[in-house]
Amino acid sequence: AVQALSPHPSTPAPQHPEHPDTTSPLDAMPLALVQARRPPPARSRSASASGPRPHARTSGFISAARARAQASPLSKLVSPVLAVLARLAAPRSPHNRELRLRQTVAAAVAGALSAFMVHPVETIKIRIQAVPGNAARPSLLNLYNGIAASILAMAPTTALKVFFREELNDRLPALHQLNDALGAALGDLASAAVRVPCETVKQRLQVTPVHGFRDFLQAGRFLLRTEGLKGLYENVPATLWHDIPFSSLEFCLFGLFKSEYMRRTGKKRIRPQESLSLGMASGAGAAYLSTPFDVIKTRLLTQSPSTPLAQRYTSVTNCFLRVAKEEGLPGLFAGAPARVLWIAPLAGSFFAFYELCLHLGQSPKVAVPQPNSS
């Protein structure tokens, strides 16, 4: 067999009778066969460690899943979902990343400024809603109680809402206003870890004019010591129960008003004063319609462990049923005028400050990439 593989099988090499042939079979094999039998060279650690990029692995996984789904009976249902996931997993260009960062920072600054402007009106609204029968004469002392907690809660929430909205608008432009509602809902969900404890501390400071605390940090430490983490995060369901419907409605209405206004006027970009008007209209409508959610959240966030058990609300459902039974529609819509007076300028100033901060330093003659906000 070795001779058959040699390059010249007809002329074998001579052998000495006293010295047997010690040539290895590999020495007699053609070079191509020897190389074919050698193991492949080991990959370097740097090459194996780097591997494909994360978005390439994600896109490959989604493409393989789409190929398998097309052969299944549920392809008509699964394929559109996988197509959406593929769009969401697509890599972003450096220009888009820079624009998204500018939009997120502008939304955070706009949220903080708008929260500071309308905080006194919110304090009055909280004091009307927290105590039944308090609508006639709410206290007007220390109206800026809890302002630091309000800013800390508002800035990341508005930033995340705009971030998710713009990401969805860029990747799934066919959904239009649905992206506004989904982006606002995702922003509320993502910021709940910061927003809920800040809201709890803020409303405890707002509902009692003279609380004895120097600042919200002292109030937060007191609540953490007396009620623990459970006290700070106990009302996550109540907060999300209020925030998600309101934010989704507000962003959706603003997107509708903005797109209709731009369609009628033929404008490609709206000015801050126009954003103020459109934002106030969308905020007022969303605020009034979501007042019952706000009443329930306020009642749950402002009750303390010292409240008698017979008067304590045990859940969102329990609070809603008790308020509806004992106080009726006036109880569910308590503080609605104050809420509209608070939310309308809050929403209007947020959208106006957002447009102002987003295009700050930009020359009006230079074309600026516009966020795809429906």
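Reader: How many helices and how many strands does the protein chain have?

Author: The protein chain has 15 helices and zero strands, a helix being a DSSP run of H or I of at least four residues and a strand a run of E of at least two, numbered from the N terminus. This is a predicted model, in which local features need pLDDT of at least 70, side-chain atom pairs count only at pLDDT 80 or more, and totals for chains, interfaces and linings use all residues. Residues are numbered from 1 along each chain as its sequence is written, and side-chain values use heavy atoms, with hydrogens and water left out.

Reader: What makes the span of helix 8 agree with expectation?

Author: The expected span is 1.5 Å times one less than the number of residues. The 14 residues of helix 8 (177-190) should therefore span 20 Å, and its end C-alpha atoms are 20 Å apart, which agrees. Its buried residues, including Asn179, Asp180 and Gly183, pack against helix 7, helix 9 (192-207) and helix 11.

Reader: Which residues touch the most other members of the largest nonpolar core?

Author: A nonpolar core is a set of buried Ala, Val, Leu, Ile, Met, Phe, Trp, Tyr and Cys residues joined through side-chain atoms within 4.5 Å. Of the 14 residues in the largest one, Phe350 and Tyr354 touch the most other members. Helix 6 (94-130), helix 11 (236-265) and helix 15 (336-358) each give two or more residues to this core, and helix 15 gives the most, with four. Beyond its neighbours within four places in sequence, Phe350 is in contact (heavy atoms within 4.5 Å) with residues including Ala107, Thr158 and Phe251.

Reader: What describes the packing of helix 7 and helix 15?

Author: Two packed helices are described by the angle between their axes and the distance between those axes. Helix 7 (147-171) and helix 15 pack at about 65°, with axes 13 Å apart; axes are lines fitted to C-alpha atoms over the stretch in contact, with angles from 0 to 180 degrees between N-to-C directions. Met154, Thr158, Val162, Arg165 and Glu166 of helix 7 meet Leu346, Phe350, Phe351 and Tyr354 of helix 15.

Definitions and conventions. Buried means under 20% relative accessible area, exposed over 50%, partly exposed in between (1.4 Å probe, protein chains only).
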